[in-house]
Amino acid sequence: MKFFEKVQALLGNGLFKDVGDLIDRFVTTGTEKEQLKAELMETRHQHEMEAMKLSLEAEQTFNQRVKELEGTASDLKQSGWLGRIVLFIRGAQRPLWGFFVGYMDYMVFAGNWSLSGNEKLESAFWIINFLVLGFLFGERAVKNVAPLVREMLLKK
């Protein structure tokens with residue numbers, strides 16, 4: 001979209017503005033001015049639409065090239081039973097990590113596992129939590145929880 005924004009800025013503030021100023025200087029009657037300005041605005045609109053179309057085509061071409069180079073998940077089905085196992089593991093990965101971290105958090109916060117006294121283990125616990133929960137729930141969730149965790153760690 002940056003390309004389109006640059007083209008739009010060029011069309012909006014550059015060439016068409018200069019042509020509009022020329023119309024004002026050399027055309028004397030009001031009706032001719034209005035007619036030429038209307039035609040100019042139509043031409044500007046057509047150029048903007050063409051720029052948007054080119055930008056969209058470039059984006060679609062890029063996406064198609066990425067798809068061709070990387071393939072899709074359905075490509076794994078062609079590999080027989082091994083491909084289906086890989087698809088299953090790929091799909092089960094997020095829930096498995098989520099349940100593992102949930103179990104780990106329960107054990108730590110319930111007091112069944114102790115992290116005190118081992119600084120490396122405690123930092124690994126928090127890093128795993130933020131990585132896994134960040135991937136599962138997104139950056140916004142981590143940003144919302146980070147101040148609470150920071151406050152808890154400062155109290156210790």
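A nonpolar surface patch of about 680 Å² is formed by Trp-81, Leu-82, Ile-85, Val-86, Phe-88 and Ile-89; patches consist of residues with over 30% relative accessible area and no salt bridge, with like charges joined within 9 Å and nonpolar side chains (Val, Leu, Ile, Met, Phe, Trp, Tyr) within 5 Å. A salt bridge here is a side-chain nitrogen of Lys or Arg within 4 Å of a carboxyl oxygen of Asp or Glu, and accessible areas come from the Shrake-Rupley method with a 1.4 Å probe, where for residues only the protein chains shown count as cover.

This is a predicted model, in which local features need pLDDT of at least 70, side-chain atom pairs count only at pLDDT 80 or more, and totals for chains, interfaces and linings use all residues. Residues are numbered from 1 along each chain as its sequence is written, and side-chain values use heavy atoms, leaving out hydrogens and water.

**Exercise 1.** Find the helix that holds Ile-89, and decide whether Ile-89 is buried or exposed.

*Solution.* Step one: Ile-89 lies in helix 3, where helices are DSSP runs (H or I, at least four residues; strands are E, at least two) numbered from the N terminus. Step two: Ile-89 counts as exposed because its relative accessibility is 52%, given that buried means under 20% relative accessible area, exposed over 50%, and partly exposed in between (1.4 Å probe, protein chains only).

**Exercise 2.** Describe helix 4 and its buried residues.

*Solution.* Step one: helix 4 covers residues 119-137. Step two: its buried residues are Glu-122, Phe-125, Trp-126, Asn-129, Val-132 and Gly-134. Step three: just after helix 4, Gly-138 adopts a positive phi of about 95 degrees.

Terms used:
The expected span of a helix is 1.5 Å times one less than its number of residues.
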